[in-house]
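Welcome! Take a look at the sequence and the model below, and then let us walk through some of the features together.

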Amino acid sequence: MDRAEKQALAWSVGVLVLFMAAIVAAISGWGITVPDCITDVEPFEEGQLIQHDNLHYELQIVAHMWYFNPAQIELPVGATLDIYLTSADVVHGLHIDNTDINMMAIPGQISYLRVKFDEPGTYHFLCHEYCGIAHHMMAGSIVVKSPEEFQPEDMGTDEALNGSAGDIEGEMGDES
Ligand SMILES: [Cu+2]
């Protein structure tokens, strides 16, 4: 084998090992994960926010051409949010500012990711997958409030609050 060939081969293997190490470090060191894809639960058609306990919420969110349902929610600081995302029509995306949440909204299936909000503030989210003429209009926000500011009754119906509406977490059993 030519010397240059050997060098090229060594570099290729080196880069490959580096990539593998980066993936292992991301998963084990920083807890970075990719969204789960749920295919055994029928996708929901209406979005809703369900409260499971004081600091545990479930968001079922539907991407449409060209809006999110719901487009705005409020959470207390420290809340853990389980996000279930689906699409009513074409492929959309969901990226939440200042987080590593980046999900795909695919018709017929549900993407799942968990995020924890430790800092109060407004977290904007938007569609990151070009989906048509008003794609740039697809945005929303998650307002994270301190305990003094947070008024749970702002958030919607009693049904959504006490979790009697069908929650995916319940349907899937104890997976998390
Ligand atoms: Cu879009």
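## The sheet

Helices (DSSP runs of H or I, at least four residues) and strands (runs of E, at least two) are numbered from the N terminus. Two strands pair if DSSP finds at least two bridges between them. In this predicted model, 5 strands make up an open sheet with mixed pairing, in the order 5-11-10-7-8. Strand 5 (72–76) and strand 8 (102–105) are at the edges with a single partner strand each, so one side of each has no neighbour in the sheet. From one strand to the next, the twist averages 20°, where axes are lines fitted to C-alpha atoms and angles run from 0 to 180 degrees between N-to-C directions.

His-95 has Asn-102 in strand 8 as its bridge partner.

## A loop residue

Is Ile-133 buried or exposed? Ile-133 counts as exposed because it has 8 C-beta neighbours inside 10 Å; the cut-offs are 20 or more other C-beta atoms within 10 Å for buried, 12 or fewer for exposed, and partly exposed in between, with C-beta atoms placed from the backbone. Ile-133 sits in the loop between strand 10 (121–126) and strand 11 (139–145). Its C-alpha lies 8.6 Å from that of Trp-66, though the two are 67 residues apart in sequence.

## Confidence and numbering

The protein has a mean pLDDT (the predictor's confidence in each residue, from 0 to 100) of 87, and 88% of its residues reach 70 or more. Over residues 156–164, pLDDT stays under 50.

Residues are numbered from 1 along each chain as its sequence is written. As this is a predicted model, local features need pLDDT of at least 70 and side-chain atom pairs count only at pLDDT 80 or more, while totals for chains, interfaces and linings use all residues.

Technical notes
Contact = placed C-beta atoms within 7 Å.
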